[in-house]
Structure formats: C-alpha cells, structure tokens
Amino acid sequence: TQPENLAFVERIRQELFDHYPGSLGLAEILSANELAVMAEYTGGDRRFHTAYGFIFFSPELTPALIRHAVETVFECDPTAWPSWAFSNHDSIRAVSRLATEDGDLTAAKLLIVLVTTLPGNGFIYQGDELGLPHGQVPFDRLVDPEGIAMWPNHARRDGARTPMPWQGDSPHGGFSTVEPWLPLDQRHRPLAVDKAEANPQSCLWLTRRWLALRKQHPALRWGEFRFVRAEDAVLWFERWNDTETLTCLFNLSAAPQRVDLNAPVGQCLIAESAEVKGNGLALGSYGFMVWVEAKG
C-alpha cells in the first residue's frame, strides 16, 4: 500500500489490460485495512478491474460480517468492484467452517448461491461445487512445508489441496493413474463428479442450474443492493435494477429460523430447506431462498 503503487497500477491498466480487450486485472489484497484498499485499488476505470481479500476466511462466517464487508467497500468507493471468496488453497474449506468437519450438503449449496448473489464477483474454489468438506491428511502425508513446521497449529492447508474426485469408484478418484501427491479423502468419493452428475439433488446440479439462472437476471450481476437484515443467523438482502427485484434470504446456522416477511413471496428461483408459512418464511438448517419480482 505504498502511495506510488497506485500510479504503477494505472500504468499496468493502461499499457497491459486495456491493450488486450477481454483481459481481467485481478488484485489479491492483504492489508490491515483490506476493504478500504480493495475499494481504492478497483475504483473507477484506471486501476484493477476487481480485487479480493481474505475477510471471509475467518473461522466464523456470520451475516454481520458479510454485511460489514460489502457495505464498507462500496461506502469507501461506490465505483469499486470487489470479488468474494469463501475458500481457497490456503484455508479450511468453507463448508467445514460453516457447518461441521464432515460438511453439510445444504450448507454447501447455500455457500454457492450466497457468494454469487453478493454485489461483485463470486469465486468458487475447485471442489466447492461438489460440496467437498475439508480434506483429512495425516501428518506423514503432509507436503506443505509450513504445515509440517507448524504442526499441529495452522497445519491444514494441504486439506484444501487434495485430489479432485472425478470418478467415485476409480483408484485415486479418477484424479490420476498413479499415487497422487496428496491422498484422496475417502469422504470425497460419494461426492465425485460422476456420482454428482447422476444425482439431481447434488451440489453440482444446483451449481450448474443456479449459475445459468444468474445469467438470466442482470440484477444479480450488476444491480443495486440493500441489506434488510443481518443479525443472529439470518442474512436478508435485495438486488434490483429497472426491471426486477430479487430477494435473497439465507440461514447461516444449523438451527431453524423463521423470518417475517413484509410482502408476499414472488417467483421462486431457487430454494433449499425453505417453506413459506403464512406471512413468513421458515428456513431449516442452512436453508435459503431467492425469489424475483418484475417491476411495472
């Protein structure tokens, strides 16, 4: 965050990214004040196109944290364009942080929909579209030097880097024909791509269906936003443009939640463990619903 960096970033934008139409300048922000820096480095049209930070890699993902992060970036600069991620190769997989060590299918689906409804870009880390829990790697199979040196503290990065399971019943999950550098977590076999493609209730099916729906609703990609509620376990926000309003409701806990609504539910786009009851919405464990209403 040296002051001369911004001039250098603007030079990169002008002489490199703008020279190749369709290219994307993505910054990775690690700073004591990462949200403000994220806004500073992506605001306007002369710096990076977007940036992501690490605020959502905290041990606890809460509605209050999400609201704080999103609102802070756009308060710092309304023209900023953040990218959000819940998992990466250096962190414990989000579904194991949000739910349990063994993950939770509904929680995995919630994370996919949530990260792609927030204003900005959503990053889906490989394996999250399958709902993979964090991999278990015994000490004698660790290869990450930091993980080995700091065992048993902060020794879990390798668990996010285990082989991608393509074929549930094949040796090494179809990842390779020889022993891979990290062992396949046996809990990942039932979630392998071939098994997920044969199961309409899988996280992979939901991911593909939801991303196709997202492309059909510009308000989810470029629209305005407003948080209605972000307390306890309930996250409720709206996305809208001139033609439609989308309401997004999430229960970020295993405990059932009831939400009183101020208007009837519109056309449901996607839902899991959610049911309209009277003038409210009952959300089960990690339940969520997104619905749309046309304007005019």
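Leu35, Ala36, Met38 and Ala39 in helix H2 meet His68, Ala69, Thr72, Val73 and Cys76 in helix H3, where contact means heavy atoms within 4.5 Å. The model is predicted, so local features need pLDDT of at least 70 and side-chain atom pairs count only at pLDDT 80 or more, while totals for chains, interfaces and linings use all residues. Residues are numbered from 1 along each chain as its sequence is written, and side-chain values use heavy atoms, with hydrogens and water left out. Helices (H or I, at least four residues) and strands (E, at least two) are DSSP runs, numbered from the N terminus.

**Helix H2 and its surroundings**

- The axes of H2 and H3 come within 8 Å and cross at roughly 45°; axes are lines fitted to C-alpha atoms, for helices over the stretch in contact, with angles from 0 to 180 degrees between N-to-C directions.
- H2 and H3 are therefore oblique to each other, a term for angles that are not under 35 degrees (roughly parallel), over 145 (roughly antiparallel) or 65 to 115 (roughly perpendicular).
- In H2 (residues 34-42), 7 of the 9 residues are buried, and buried means under 20% relative accessible area with a 1.4 Å probe, protein chains only.
- These buried residues are Glu34, Leu35, Val37, Met38, Ala39, Tyr41 and Thr42.
- They pack against helix H1 (4-15), strand S2 (50-52), helix H3 (63-76) and strand S3 (82-85).
- Just after H2, Gly44 has a positive phi of about 75°.

**Aromatic pairs**

- The structure holds 13 aromatic pairs, counted for rings of Phe, Tyr and Trp (its six-membered ring) with centres within 6.5 Å; planes under 30 degrees apart are stacked, over 60 edge-to-face and the rest tilted.
- Phe74 and Phe225 form a tilted pair, because their planes lie at 50°, with the ring centres 5.3 Å apart.
- This pair links Phe74 in helix H3 with Phe225 in strand S5 (residues 224-231), 151 residues apart.
- Phe225 also pairs with Phe227, edge-to-face, at 6.0 Å centre to centre and 80° between the planes.
- Phe74 is buried at 14% relative accessible area, and Phe227 is buried at 6%.
- One aromatic cluster is formed by Phe74, Phe225, Phe227, Phe237, Phe250 and Phe288.

**Arg239**

- Arg239 lies in strand S6 (residues 234-240) and is buried, with a relative accessible area of 0%.
- The side chain of Arg239 reaches the backbone oxygen of Glu224 at 3.2 Å.
- Arg239 and Pro218 are 21 residues apart in sequence and 9.6 Å apart in space, C-alpha to C-alpha.

Terms used: Buried means under 20% relative accessible area, exposed over 50%, partly exposed in between (1.4 Å probe, protein chains only). A polar contact is a pair of N or O atoms within 3.5 Å; within protein, one must be able to donate a hydrogen and the other to accept it, and residues adjacent in sequence count only if both atoms are side-chain atoms.
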